[in-house]
Amino acid sequence: MPAHVGVLKALDELNIGFDHIVGVSGGSIVAGLRAAGWSPAAMKQLALDVDFRQFREFNLYQLVFRGGLSSGDHFETWMNDKLDGKCFQDLTIDLHVVATDVRNGAPVVFDRHHSPNLPVARAIRYSMGIPLLFAYKEYEKHLMVDGCILSEDALRCDWARDGTPCCCFRLRAAERVGQHEGRRWVSLPDYLQLLIRAFMTTISREYVQDSFWSTTVVIDTGHISPLEFRLSPTEKLGLFDIGYSTTLAVLPTKMTNWHANTSVLPPAPKSLEPLPVLTGCE
């Protein structure tokens, strides 16, 4: 969450406006807050104040019968409170939240067009459905889990429906080398936590396709896994700074290339300013 807040802070300083924003997995939290009118400063303070450990549960019954240690209900209630109960039709910015239907591996998109009356917090909960950690949720005929499971090309579409390019801000964690606690046995909850962390870290480190590289900003989060609930204020500020500084350093160059590559190709898109796609989970 803090890294994506840094991204939005940088976009504001670069005077990049947008009418649409896309959120996937952890990125859907920040995208949802922005679409509901939160400023980067307010989101930064929220990230510093919140203890994400409150959303963890270790309910084996829940795991066996619903596919996850935690129901995610507490998180959805918390998120709904921060969004003042807003549905997609209530937002001033067009928000698109992407989750995965595990029955067919296809994306399910929640936005003003597809689900105007759905609470935004519920869609974010669907997109945050990290396998084994959060229980799957049913929506109509879909079985919803984390949106980050989708392949890269599932997020590359004309979200604004006018040719405006989208830029994917993607978190990437490094492998943990030599970090062993030395215990000879691991409890089941700890084992599942390690398994989920390894799975989500691997997803975050997938290579970006060559065709998408020009519209992708990769934010290296260092040793901090995409699944880390015990972040200190210093670590949260570090994530904010790396999202902010990376966007400021990388995005202007990529935008210059977009202008060069599209200015001679009619018809021109409505805007050459990027539509942000926030993907990743912290």
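## Confidence of the model

The structure is a predicted model. Over the chain, pLDDT averages 82, and 79% of the residues reach a score of at least 70.

## Helices α1 and α2

Helix α1 covers residues 2-13, and helix α2 covers residues 27-35. The axes of α1 and α2 lie 9 Å apart, and the angle between the two helices is about 40°. The pair is therefore classed as oblique.

On the α1 side, the contact is formed by H4, V5, L8 and D12; on the α2 side, by G27, V30 and R34. Sorted by class, three residues of this contact are nonpolar, two are polar and two are charged.

Side chains of opposite charge can pair when their charged atoms come close. The model contains six salt bridges. One of them joins the side chains of R34 and D12, with an N to O distance of 2.9 Å. R34 belongs to helix α2 and D12 to helix α1, so the bridge links distant parts of the chain, 22 residues apart. R34 and D12 are also among the residues that make the contact between α1 and α2.

## Helices α2 and α3

Helix α2 also packs against helix α3, which spans residues 40-49; their axes come within 10 Å and cross at roughly 135°. This angle makes α2 oblique to α3. The crossing of the two helices is right-handed.

V30, L33 and R34 of α2 meet P40, M43 and L46 of α3 in this contact. Five of the residues are nonpolar, one is charged and none is polar. V30 and R34 of α2 take part here and also in the contact with α1.

## Helices α5 and α6

From α5, the contact involves F75, E76, M79 and N80, and from α6 it involves A121, R122, I124 and R125. By class, these residues comprise four nonpolar, one polar and three charged.

Notes:
Residues are numbered from 1 along each chain as its sequence is written. This is a predicted model: local features need pLDDT of at least 70, side-chain atom pairs count only at pLDDT 80 or more; totals for chains, interfaces and linings use all residues. Side-chain values use heavy atoms; hydrogens and water are left out. pLDDT is the predictor's confidence in each residue, from 0 to 100. Axes are lines fitted to C-alpha atoms, for helices over the stretch in contact, and angles run from 0 to 180 degrees between N-to-C directions. Helices (H or I, at least four residues) and strands (E, at least two) are DSSP runs, numbered from the N terminus. Angles under 35 degrees count as roughly parallel, over 145 as roughly antiparallel, 65 to 115 as roughly perpendicular and the rest as oblique. A crossing is left-handed if the near helix is turned anticlockwise from the far one by less than a right angle, and right-handed if clockwise. Contact means heavy atoms within 4.5 Å. Ala, Val, Leu, Ile, Met, Phe, Trp, Tyr, Cys and Pro count as nonpolar, Asp, Glu, Lys and Arg as charged, and the others, Gly among them, as polar. A salt bridge is a side-chain nitrogen of Lys or Arg within 4 Å of a carboxyl oxygen of Asp or Glu.
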